[in-house]
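This briefing looks at how the parts of one model meet. Please have the sequence and the 3D view open while reading.

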Amino acid sequence: MAVIIEVLGWGGKSRHHYRVEGSSISIGRGYQNDVVLSDSHISANHLRLDAVEGGWQLTDLDSLNGVEIIKNPSINSVSADSTSSEIVLADGAEIKIGRTRLRIIADSHPVDAAKELHRLEKDVGQLNRFSIWLPLLLLVLIVDITALYANSFVEWQWKNALSSILFTQVFLLMLALFWGAVGRFLREEANFLGHYNLILLAALVYSASDWFFGVIGYNLSAEFLIVAVAPLLNLMLVAVLLAANFALATSMLARQRWITSVGFVLLLLIVSVANQMQQWGEFSPYPEYFSALELPALQIGGGESVDEFILSLDDLFTEADQLAVKK
Amino acid sequence: MAIDKNTGRAIKFLLGLLVCWHIGVYSQTESAQTLFAENKAAILQIQVIDVTSGSKSVIGSGFVVNAEGLIATNYHVIQLAASKPEQYRIEYLTAADKTGDLQLLDVDVINDLALVSASDLGAQPLSLAVTEPPIGVPVFALGNPLDLGLTVVPGTYNGINQTSYHPRVHFTGSLNSGMSGGPTLSEAGQVIGINVSTAGNQVSFLVPVTALHKLIAEYQGRAAAVGGMTQRIGQQLFDDQQEKFSRMLALDWTTMPLGQAQVIDELKPFVKCWGGSNSSSEKAQFLSADRTCRSEDNIYLHGKFNSGIIEYQFFWLEADKLNAPQFYAYYQRLFTDFVPGNKADEKDVGDFNCDDQFVIADSVENQRKTKAVFCVRAYKDYPQLYDVLFLQGTVDDSRAAFLSHFTLAGVSQNNARAFVRKFMGVAKWP
């Protein structure tokens, strides 16, 4: 029966492992050991593991820094005799010697089922391409500049436009770099362009939905579409983007990805609601009316007659009376 | 010290001027002296005392108007005591340093007047003029400016101001705070007005004595102090707007052009109009011309609440160098910024309630599509009175726009509705 000694890294992930045959395994910094570790806090002959019934008996060979048991799945089955300095480690136990964490596993230990690749990961080769990034970036820049130009009613100045565009684009770039770094760290592949393309795509969808809801809200005289529905949908867009970034950068399962992304967005929502909560029910001496205007070409439908408009005012007076009731 | 020839000549000239001026005002000075000496016993400092701290919160002036000890002052002087009688009381202080309590009897918020009485004063009352003096005669304002003691300010009577709906006497002379509620006397010693406000630089305003005659008559006709001051004020506000709007709505509203639109001309004596444009600006990317009409009347209710204001405004916009989206971006910015013309506080009014609709005028010559916004807030203490804000902008032309707006403060629902109807019918871009 072989024993697997895994050297663990950040987050308990296996960095590399040793496979040792035999019933007695020695671990230490000395080259005569079965498992040779270079950690300078480990003694030359640090410990020995002997195969026994239900695991491996741990013997500390008078090491300088000792052995710390981090996890031992069958600790309860082992007699907790305080006089005994010898402990039996079960399959899957984790110990720490020096600064090194080790996991001791039998080679019959089951492994997790393989995770299905996300669609995005399967297509990542396609998404992570310069030929997608360049047109996307150009499209985003065009949309950005057009929006700025269409909203500028003072003399057009490129420096003002550039400063605004640079600000947004550098932010998006930093976001992509962040995800690239996360991916590089967790999965040893940055997928930088993939992340960047996802972010640019989300920016485009955001611009489109913003415009779309502006036009629809204006035509229906429905301010809530602009102040409530559109922001909520944008938060959902953020959740989708985050889930996609997670899929590219981490090995999280779909459920974990969605819980994390939606949880993050909910936090954002809570923070922004908490921020506005102070103003709820506060008196304002200024009217809050829906002031959106859109180009004549973007208007569908007709309007009320003057008589209908004036008739509709009576309800406003009744409601105003209710708003003015002294508490 | 040697004075050179030119300087010496200049000084002689200046001295000459001063002497001439001195002779000119000699008779005025004499009148002022006599008036002051003869009438000072009837002119009081009015103090509003905070009951908790025992100190004066507001000072003003007042004067005795009849033998029963009836005293006139401004509403804005005693307003705190009128709205919070449990927290404030009113006292008088005579020129001879005698003090005593005053009882609030009646108010006229429209003309900023109040009647109070003292049981123990026993001063000779001032007589109230019954005829208006001719323009240009010297008159004398009396009062307690800045708590400096009783003071007389000579000035000139300049007639009833014709440009405000509620008549005010234009007094050329310096009124200062603390003189509010004091009398302005003719040379004959008759009260021709009650000091009320100043626009600075010797431009001051008095409430005509006719308003005081009317208030005294009303009070004496009732022969008892008014029970609910809030109810009385509410009734005065309601009656005033009722009369004002029935007169204004009965007028034939003449129009004048603004761009391609026609806008409402000055509705005299309710508003005064001003206008401007950006046509002289070299950096302007679009054309904007505006006309703003506003009433000068401002009914003071308390420091954070006034009413009675009528305001209407028109904008004519042309895209000029801007393209259509840019023009609409500016237009929307302009459309966002409208606020009511009067001040109001949470304890006085509810929140504004607004609605917006697309409205198409259905007359033959005007079928433009517009976006119309109407906002209304109700008064909490004065039922059936509202502040309304109306905004209407054309939305069917991508190169030009006509925007009209009005706010009415302290108006009834019926009057507001009638005003909207007439306004929408007259101000338009055919």
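What distance separates the centres of domain 1 of chain B and domain 2 of chain B, taken over C-alpha atoms? In this predicted model, the two centres are 36 Å apart. The domain assignment places domain 1 of chain B at 40–227 and domain 2 at 236–426.

**Between the domains of chain B**

- Contact involves 12 residues of domain 1 and 16 residues of domain 2.
- The two domains bury about 1400 Å² between them, with 55% of that area on carbon and sulfur atoms.
- On the domain 1 side, B:I110, B:T163 and B:Y165 supply 46% of the buried area, more than any other three residues.

**Between chain B and chain A**

- Chain B brings 65 residues to the contact and chain A brings 47 residues.
- About 5000 Å² is buried between the chains, 62% of it on carbon and sulfur atoms.
- B:D351, B:N353 and B:F358 lose the most area in chain B, together 13% of what that side buries.
- Two salt bridges link the chains; B:R421 forms one with A:D307, where the closest N and O atoms are 2.7 Å apart.
- The interface also has 24 residue pairs in polar contact.
- α6(B) gives the most to the chain B side, with 11 residues.
- The chain B side comprises 36 nonpolar, 10 polar and 19 charged residues.

Definitions and conventions
Residues numbered from 1 in each chain as written. Chains lettered and ligands numbered in written order. Predicted model: local features only at pLDDT ≥ 70, side-chain atom pairs only at ≥ 80, totals over all residues. Heavy atoms only, no water. Contact = heavy atoms within 4.5 Å. Buried area = accessible area lost by both parts, 1.4 Å probe. Salt bridge = Lys/Arg side-chain N within 4 Å of Asp/Glu carboxyl O. Polar contact = N/O pair within 3.5 Å; in protein donor to acceptor, adjacent residues only side chain to side chain. Helix = DSSP H or I, 4+ residues; strand = E, 2+ residues; numbered from the N terminus. Nonpolar A, V, L, I, M, F, W, Y, C, P; charged D, E, K, R; others polar. Domains from an automatic or database assignment.
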